[in-house]
Amino acid sequence: LGRRLRVGYVTADVTSHPVSLDLLAVWASHTSSIQVICILTPGLSHGKDPAGEHPCLGGSGKEGESRLLDLRAFDARAGAGEVAAARVDVLINLHGWTEGHAMDLLAFAPAPLQVNFKGFPASTGASFTTLFAGDRVATPPEHAPHFSESLLLLPCPFHLNGHRFRPAPPPPPGGAVLRP
């Protein structure tokens with residue numbers, strides 16, 4: 001490529017959705033050879049402006065490693081054009097067909113490799129996504145004939161847990177110590 005690999009994560013909610021919180025470990029583990037592009041699509045914002053609030057959006061402390069591509073004001077065709085213009089190499093769809101999905105954007109195939117992962121643990125039935133990333137438990141190899149995508153079986157669990165990257169809960173009121 002002659003440049004860093006550009007991996008785009010398509011999501012409608014990067015502030016408080018369980019999928020994005022579970023992916024904190026993934027975003028934190030990307031090496032300097034990968035540029036993370038968080039692609040925000042219309043959908044579930046929970047009333048927050050996500051800019052700068054999430055490690056996917058640059059809050060990880062790794063200067064220049066990630067960027068936000070905000071497509072909330074674009075229709076699917078224009079949004080796909082923006083993704084293509086950003087030269088995203090791998091586009092990872094975190095919603096599948098769930099609420100806030102961007103399947104209409106992915107139908108334009110704005111990236112050379114499109115992958116379904118995490119938010120919709122089943123085949124989308126779409127011909128425009130190449131891979132479904134899962135594991136041997138969530139997506140047993142013998143289920144491959146039921147997927148429109150080729151299975152990419154990860155060595156780690158499909159259901160990652162980013163709990164160690166989440167902020168600690170606030171202390172109890174008045175400084176009380178809670179004991180079991």
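These are my notebook entries on a predicted model.

**Ground rules**

I number residues from 1 along each chain as its sequence is written. Because the model is predicted, local features need pLDDT of at least 70 and side-chain atom pairs count only at pLDDT 80 or more, while totals for chains, interfaces and linings use all residues; side-chain values use heavy atoms, with hydrogens and water left out.

**Overall layout**

I looked up the elements and found four helices and seven strands. Both are DSSP runs numbered from the N terminus: helices are H or I with at least four residues, strands are E with at least two. Read along the sequence, they follow β-α-α-β-β-α-β-α-β-β-β. Of the 180 residues, 43% count as buried (under 20% relative accessible area; exposed is over 50%, partly exposed in between; 1.4 Å probe, protein chains only). I also checked contacts (heavy atoms within 4.5 Å). Among those with a separation of 6 or more, 62% are between residues 24 or more positions apart.

**The sheet**

What order do the strands of the open sheet take? I read β3-β2-β1-β4-β5-β6-β7, seven strands with parallel pairing. Two strands pair if DSSP finds at least two bridges between them. The edges are β3 (66–70) and β7, each pairing on one side only. From one strand to the next the twist averages 25° (axes are lines fitted to C-alpha atoms, for helices over the stretch in contact; angles run from 0 to 180 degrees between N-to-C directions).

I then went through some strand pairs. Strand β4 (residues 90–93) is joined to β5 by four bridges, and Leu-91 stands opposite Gln-114 in β5. Three bridges join β5 to β6, where Phe-117 has Ala-133 as its bridge partner.

Which way do the β6 residues point? Leu-131 and Ala-133 go one way, Phe-132 and Gly-134 the other, and all are buried.

I searched the whole structure for aromatic pairs and got one. The ring centres of Phe-132 and Phe-147 are 5.2 Å apart with planes at 55°, so I log the pair as tilted. The rule: rings of Phe, Tyr and Trp (its six-membered ring) pair if their centres lie within 6.5 Å; planes under 30 degrees apart are stacked, over 60 edge-to-face, the rest tilted. Phe-132 sits in β6 (residues 131–134) and Phe-147 in the loop between β6 and β7 (150–153), so the pair ties together parts 15 residues apart in sequence. Both are buried.

**Pro-110**

I found Pro-110 in the loop between α4 (103–106) and β5 (113–117). Pro-110 is buried, at 10% relative accessible area. Leaving out residues up to four places away in sequence, Pro-110 touches Ala-80, Val-83, Ala-84, Leu-91 and Leu-105.

**Largest pocket**

I logged about 240 Å³ of space in the largest pocket. A pocket, on a 1 Å grid over the protein atoms alone, is an open set of points with protein on both sides within 12 Å along at least five of seven lines; lining residues have an atom within 4 Å of a point. Its 13 lining residues include Ile-92, Phe-117, Ala-133, Leu-152 and Leu-154, the closest to the centre. Strands β4, β5 and β6 each give two or more residues to the lining, and β5 has the largest share, with three.

Methods
1 Å grid on protein atoms, 1.4 Å probe; cavity = no way out; pocket = protein on both sides within 12 Å on 5 of 7 lines; lining within 4 Å. Points joined across faces, edges and corners; volume = space filled by probe spheres on them.
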